[in-house]
Amino acid sequence: MKLLPPADVPAATRFGRARAAWRAAHEPVAGVSRRVRRVACAVPLTVLPSSLWRLPAAFDRGIGFGERAYVVFLSVLSEVLAFTAFGLVARWGEVFPRWIPFLGGRRVPARAAVVPAALGAGLLTGMWTVLTVATQIAGKTIRGDDLPGDFPSEAGGWEAASFYVCYAPLTLWGPLLAVLTVAYGKRRRAAGSAVAGA
């Protein structure tokens, strides 16, 4: 098994193959509107600024290895979870990929996608949209304590501005996921009705 492609294959060809494979795996299924596709693309982009904003803290001299690992892990995990929103518009959200043992090639039960996505949308909306706005307006932590003076939004200047610019999009994660979940549920219900009516 070769890990690298043969040297005689141009880099542009290798990149083209990878891009074609990526597009094939994430191509929206029939019935997904352009607006819903844009929402799916927006979800990882709403999470990316906050993930990137946290990363410099991982390299701060004042924190230990465990905290560094946690910050990097949190940033990567957030982006991976946001990326799963593509499953609500792509084929792999309706049919299990062939490489999954025992399930490959079978249809994904609609509830198996809708229930976790709806729970995630509700949790994210509560956590990032409602609590973030409420804590910033009230100037309190979620425990009811005053925000500490070293909290980024309290620092003022460029530090507070960069915090708001990077974290404001995160408040859209839950609502956008809710839109995708509703669209997915309607599309799968309509497809089920069409099959039952045929």
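Glu94 and Arg187 are both buried, where buried stands for under 20% relative accessible area, exposed for over 50% and partly exposed for values in between, with a 1.4 Å probe and protein chains only. The model is predicted, so local features need pLDDT of at least 70 and side-chain atom pairs count only at pLDDT 80 or more, while totals for chains, interfaces and linings use all residues. Residues are numbered from 1 along each chain as its sequence is written, and side-chain values use heavy atoms, leaving out hydrogens and water.

**Salt bridge**
- One salt bridge is found in a search of the whole structure, the term standing for a side-chain nitrogen of Lys or Arg within 4 Å of a carboxyl oxygen of Asp or Glu.
- Glu94 pairs in this way with Arg187, their closest N and O atoms being 3.0 Å apart.
- Because Glu94 lies in the loop between α3 (65-83) and α4 (110-138) and Arg187 in helix α7 (residues 173-197), the pair ties together parts that are 93 residues apart in sequence.

**Fold and burial**
- The protein has seven helices and zero strands, helices being DSSP runs of H or I with at least four residues and strands runs of E with at least two, numbered from the N terminus.
- Of the protein's 198 residues, 28% count as buried.

**Confidence**
- The mean pLDDT, the predictor's confidence in each residue from 0 to 100, is 84 for the protein, and 89% of its residues reach 70 or more.
- Among the elements, helix α5 (residues 152-155) has the lowest mean pLDDT (70), and α2 has the highest (94).
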